[in-house]
Amino acid sequence: QVQLVESGGGLVQAGGSLRLSCAASGSIFNLMGWYRQAPGKQRELVATISSGGRINYADSVKGRFTISRDNVKNTVYLQMNSLRPEDTGVYYCNAFTLLNNYWGQGTQVTVSS
């Protein structure tokens, strides 16, 4: 059974940092990443990383966020620095095999001004 469990969300002031973790189990994943959804907005891509280390970031987070992956632990991380109020939202971990796409339950990130 595939499970993705996020942790590390919370409240932080603008300019602060948070580190999100997503512990995956039940499969080997070709691609893992993070999406976020603000209230009243559609879910958007934040960053992805392949099993080979290829990384893609949304333009809005380039230079501030860093995604990394531990393939042995099946865990993906998102280091978020220089946080802005517009980064507020629910952050979801996702993971892909060749045939299936899986989602975590989400973790709330709130950035105050």
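User: In which loop is the place of Asn 74?

Analyst: This is a predicted model, in which local features need pLDDT of at least 70, side-chain atom pairs count only at pLDDT 80 or more, and totals for chains, interfaces and linings use all residues. Residues are numbered from 1 along each chain as its sequence is written, and side-chain values use heavy atoms, with hydrogens and water left out. Helices (H or I, at least four residues) and strands (E, at least two) are DSSP runs numbered from the N terminus. Strand S7 covers 65-70 and strand S8 covers 75-80, and the place of Asn 74 is in the loop between S7 and S8.

User: What is phi of Asn 74, and is this residue buried or exposed?

Analyst: Phi of Asn 74 is near 55°, which is a positive value in a residue other than glycine. For accessibility, buried means under 20% relative accessible area, exposed over 50%, and partly exposed in between, with a 1.4 Å probe and protein chains only. Asn 74 has a relative accessible area of 11%, so it counts as buried.

User: Ser 82 also has a positive phi; how does its accessibility count?

Analyst: Ser 82 is not a glycine, yet its phi is about 50°, and its place is in the loop between S8 and S9. Its relative accessibility is 42%, and therefore Ser 82 counts as partly exposed.

User: How many helices and how many strands does the protein chain have?

Analyst: Reading from the N terminus on, the elements run β-β-β-β-β-β-β-β-β-β-β. The count for the protein chain is therefore, by the DSSP runs, 0 helices and 11 strands.

User: What radius of gyration does the protein chain have?

Analyst: Along its principal axes, the C-alpha trace spans about 40 × 25 × 20 Å, and 43% of the 113 residues count as buried. The radius of gyration is taken over C-alpha atoms, and the globule rule is 2.2 Å times the number of residues to the power 0.38. For 113 residues a compact globule would have a value near 13 Å, and the protein chain agrees with this because its radius of gyration is 13 Å.

User: Glu 6 has no salt bridge; which backbone nitrogens does its side chain reach?

Analyst: Glu 6 is found in strand S1 (residues 3-7) and is buried, and the nearest side chain of opposite charge, Arg 43, is 7.8 Å away. A salt bridge needs a side-chain nitrogen of Lys or Arg within 4 Å of a carboxyl oxygen of Asp or Glu. A polar atom of the Glu 6 side chain lies 2.8 Å from the backbone nitrogen of Cys 93, and the side chain reaches at 3.0 Å the backbone nitrogen of Gln 105.

User: Which residues do salt bridges that share partners join into one network?

Analyst: The structure holds 4 salt bridges, and in one of them the side chains of Arg 36 and Asp 87 meet at 2.9 Å, N to O. That pair links distant parts of the chain, with Arg 36 in strand S4 (residues 31-37) and Asp 87 in the loop between strand S8 and S9, 51 residues apart. The side chains of Arg 64 and Asp 87 also meet in a salt bridge, at 2.8 Å, N to O, and both Arg 64 and Asp 87 are buried. Through shared partners, salt bridges join into one network Arg 36, Glu 44, Arg 64 and Asp 87.

Technical notes
Lys, Arg positive; Asp, Glu negative; His and termini not counted. Polar contact = N/O pair within 3.5 Å; in protein donor to acceptor, adjacent residues only side chain to side chain.
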